[in-house]
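Okay, everyone, thanks for coming.

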Amino acid sequence: MKICWVLEENAFPKTHVEMKTAVIESGHEVREWSDDWLKDLDPPTLEDQFVIFHGSLGNAALIQERFAWTPGAFCDVVKFSAAQTIPLLGEYAVHQSWHCLSVGELVAAPDLALGRLNSPTEFFVRPDSPLKPFSGRVLQADAVTLRALDFGFYFEEESLPVVIAPVRQIGREWRFVVVNRTVIAGCEYEATSRAAIAETDLEKPRSFAQTVASQIQSPERVYVLDVCEADGELRVMELNPFSGADLYSCNRRDVVDAVNQAIVNAH
């Protein structure tokens with residue numbers, strides 16, 4: 001059976017052609033994403049085909065929620081929340097001490113919230129949601145405000161859940177694509193510029209990623225696992241939904257072939 005990959009060019013314009021070529025060379029079909037499908041809630045039916053979306057996180061989440069495609073998108077927002085994945089990762093997680101609360105609770109009583117972390121003078125905070133309504137950041141304990149969390153720019157509800165944790169010194173970072181508990185492809189990337197770093201030795205981080213993927217309960221059949229150096233040790237930075245993840249320089253053909261096979265085997 002044919003598999004149709006729906007690709008959102010604007011999400012990853014620099015690598016769109018590479019991804020499209022990989023799908024076509026694998027013998028399957030590509031459809032270009034249209035925002036009108038969401039606006040009108042009238043996507044193509046794509047009957048008698050499996051469909052997999054790859055593009056922006058927001059669209060991936062909406063596709064899984066609203067569209068009748070199979071599987072549609074690998075983007076289970078609940079399963080990829082930080083409060084779900086940190087316990088799932090256990091000793092492999094970059095954060096061993098952490099607390100989840102709302103933005104309003106954090107801003108109203110930062111001393112109380114940070115008391116759960118032994119009252120550090122600075123701390124890391126990130127949204128609980130994998131849709132990341134604001135970027136993770138380090139804040140000073142005496143400068144916790146709504147403005148410091150970009151309130152009013154990217155989100156407007158003080159009930160938004162966030163995770164706070166002690167600051168860790170992060171070094172190199174890698175992204176790996178996991179399909180059915182097996183690491184299929186990976187690459188190093190630079191976190192600030194969100195750009196791939198070419199031609200680096202992946203042996204140790206890939207081996208670590210495979211150990212993690214084989215031992216934890218997979219949030220979905222296909223997902224992205226981010227590894228980092230934290231205070232000199234390899235740890236998992238986070239797990240992310242595949243359908244909304246930048247694959248950087250991961251081998252597209254290896255990824256496409258593995259995802260195609262996983263979809264066929266599951267149905």
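Lining the largest cavity we've got Leu7, Glu8, Glu9, Phe12, Thr15, His16, Met19, His54, Asp246, Leu247 and Arg252. By cavity I mean a set of points, on a 1 Å grid over the protein atoms alone, where a 1.4 Å probe fits but cannot get out; a pocket is an open set with protein on both sides within 12 Å along at least five of seven lines, and lining residues have an atom within 4 Å of a point. This is a predicted model, where local features need pLDDT of at least 70 and side-chain atom pairs count only at pLDDT 80 or more, while totals for chains, interfaces and linings use all residues. Numbering runs from 1 along each chain as its sequence is written, and side-chain values use heavy atoms, without hydrogens and water.

That cavity holds about 90 Å³ of space, a volume being what is filled by probe spheres set on the points, with grid points joined across faces, edges and corners.

Now the pockets. The largest is about 960 Å³ in volume. Its lining runs to 41 residues, with Lys132, Ser135, Gly136, Arg194 and Glu238 nearest the centre. Which strand gives the largest share of that lining? It's β13, with six residues (strands are DSSP runs of E, at least two residues, and helices runs of H or I, at least four, numbered from the N terminus).

The second largest pocket comes in at about 240 Å³. Thirteen residues line this one, and closest to its centre are Lys14, Thr15, Arg194, Asp246 and Tyr248.
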